[in-house]
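Have a look at the structure first.

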Amino acid sequence: HTEGQTAAESVDSAQSARMAAVTASLLQPPRTPMLPEEMAAILLSACSGGLDPLAREEAAKVLRGGSEGLLLKHLREAAPQVLERIAKEQKLSVEAAKELEIAVRLFVALRKAGAAGA
């Protein structure tokens, strides 16, 4: 947690950021349909804490866009097996959740590196 913030305030802040991310992931533009496994991946990414290193506005930006969203494009290109696994499984397996977490961490690292280089 940040200096001057209690542990409870830090947890509240993290929960608020994650709820904002979930809200952003649900507010998709019209005519940008997502497959069920894509929406599941986006929602899991929003509430898992994987996007916590990004600023709240940046997290919302990468979650929005429907089928053209930045995070979803990354998942399709860098980790299509994650989306395929989520689509195939009736319940999300621990393995699929771990694969998604790794893909999201890579996405965040690339975003932060790109921002640092800009």
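## Helix α4 and its neighbours

Helix α4 (residues 70-78) packs against helix α6 (residues 94-117) at an angle of about 120 degrees, and their axes lie 10 Å apart. The two are therefore oblique to each other (under 35 degrees is roughly parallel, over 145 roughly antiparallel, 65 to 115 roughly perpendicular, and the rest oblique). This is a predicted model, in which local features need pLDDT of at least 70, side-chain atom pairs count only at pLDDT 80 or more, and totals for chains, interfaces and linings use all residues. Residues are numbered from 1 along each chain as its sequence is written, and side-chain values use heavy atoms, leaving out hydrogens and water.

With helix α5 (residues 80-88), the axes of α4 come within 5 Å and cross at roughly 95 degrees, so α4 and α5 are roughly perpendicular to each other.

Which residues meet in these contacts (heavy atoms within 4.5 Å)?

| Pair | Residues in α4 | Residues in the partner |
|---|---|---|
| α4 and α6 | L70, L71, H74, L75 | L100, A103, V104, L106, F107, L110, R111 |
| α4 and α5 | L72, L75, R76, E77, A78 | P80, Q81, L83 |

## A loop residue

P33 sits in the loop between α1 (7-26) and α2 (36-48). Is P33 buried or exposed? Its relative accessibility is 64%, so P33 counts as exposed (buried is under 20% relative accessible area, exposed over 50%, and partly exposed in between, with a 1.4 Å probe and protein chains only). Leaving aside residues up to four places away in sequence, P33 touches E38 and S67.

Note on methods. Axes fitted to C-alpha atoms, helices over the stretch in contact; angles between N-to-C directions. Helix = DSSP H or I, 4+ residues; strand = E, 2+ residues; numbered from the N terminus. Contact = heavy atoms within 4.5 Å.
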